[in-house]
Amino acid sequence: YRRITPDDARALWPMWSADGATVWYMSDRGGAENLWRTNREGQAVAVTRFSDGRVLWPAISADGRTIAFARDFGLWTFDVASSAVAAVPVRLRGAASAPAIERQTVSGDFSELAVSPDGKKIAFIVRGEVFAASTEKGGRADRVTHTREAEYHLAWAPDSRRLVYGSERGDAGHLYLHDFADGSERALTSAGGSDMRPQFSPD
């Protein structure tokens, strides 16, 4: 064997050309990382002209016509015949546009339970958030609140379709009303001080 690259720079990820006459590789010889080629006699030349950034993990195609590599957190290709360099457009198909739903099985840390007047639903607080579930079917519970602050003190409306609870949002605790018919929430109180222990009148 014999050495075909100098020792004045890094030389990584060597790749043979299809005809076996050329070795392609990445080197920072000259400053920035670029693709280089050399023959068996060690006559090397840079084939890309990047002035900054990194050229990572180049790989040559089976036919020797294209070299693909990573750069600036993207994918790039180098055409061996024309020496053209181009970024590869990437479309994320099927990627979630929002954080994925997280499902948890909780067997403790319940701070409060409240059964609706019709006996068909149950509301409860776990880790400061309000959830509701069917008492008839059981199963998955629906999350009612999505806040960083803790909720407290549950109270069902007489029609069993609305739920009042306190929340530590803002500078004090206030009461909020959740309507299960349309999933809406609205604040009931806003004065200074903390509002606690809500209870509906009989009507």
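Biologist: Which residue in β2 is the bridge partner of Ala11?
Modeller: Ser27 is the β2 partner of Ala11. Keep in mind that this is a predicted model.

Biologist: How many bridges join β1 to β2?
Modeller: Four bridges join them, and the two strands run antiparallel. β1 covers residues 11–16, and β2 covers residues 22–27.

Biologist: What sits between β1 and β2?
Modeller: Five residues, and the two strands form a hairpin. Gly20 is in the turn, with a positive phi of about 75°.

Biologist: What about the other partner, β3? How many bridges does β2 make with β3?
Modeller: Six bridges, again in the antiparallel sense. β3 spans residues 34–39.

Biologist: Is β2 mostly covered or mostly open?
Modeller: Mostly covered: six of its six residues are buried.

Biologist: Which residues lie on each side of β2?
Modeller: Thr22, Trp24 and Met26 lie on one side. Val23, Tyr25 and Ser27 lie on the other. Both faces are covered. Side chains in a regular strand alternate between the two faces of the sheet.

Biologist: Switching topic. What is the strand order in the open sheet?
Modeller: The order is β5-β6-β7-β8, four strands with antiparallel pairing. β5 (56–60) and β8 (85–88) are at the edges. Each has a single partner strand, so one side of each has no neighbour in the sheet.

Biologist: How much are neighbouring strands turned against each other there?
Modeller: By 25° on average, with direction ignored.

Biologist: And the β6 and β7 pair, how many bridges join them?
Modeller: Six bridges, with the strands antiparallel. β6 is residues 66–71 and β7 is residues 74–79. Ile67 has Phe78 in β7 as its bridge partner.

Biologist: Now charges. How many salt bridges does the structure hold?
Modeller: It holds 13. One of them is between the side chains of Asp8 and Arg29, at 3.7 Å from N to O.

Biologist: Where do Asp8 and Arg29 sit in the chain?
Modeller: Asp8 is in the segment before β1, and Arg29 is in the loop between β2 and β3.

Biologist: Why does Asp8 count as exposed?
Modeller: Because its relative accessibility is 51%, and the cut-off for exposed is over 50%. Arg29 is at 31%, so Arg29 counts as partly exposed.

Biologist: What about Arg10, which residue does Arg10 meet in a salt bridge?
Modeller: Glu33, at 2.4 Å from N to O.

Biologist: Is Glu33 buried or exposed?
Modeller: Buried, with a relative accessible area of 6%. Arg10 is partly exposed, at 35%.

Biologist: Last one: how far apart are the closest N and O atoms of Arg162 and Asp159?
Modeller: They are 3.1 Å apart, in a salt bridge. Arg162 is partly exposed at 27% relative accessibility. Asp159 is also partly exposed, with a relative accessible area of 35%.

Biologist: Which residues do salt bridges with shared partners join into one network?
Modeller: Arg10, Asp28, Glu33 and Arg54.

Notes: Residues numbered from 1 in each chain as written. Predicted model: local features only at pLDDT ≥ 70, side-chain atom pairs only at ≥ 80, totals over all residues. Heavy atoms only, no water. Buried < 20%, exposed > 50% of the residue type's maximum accessible area, 1.4 Å probe, protein only. Pairing = 2+ DSSP bridges. Axes fitted to C-alpha atoms, helices over the stretch in contact; angles between N-to-C directions. Salt bridge = Lys/Arg side-chain N within 4 Å of Asp/Glu carboxyl O.
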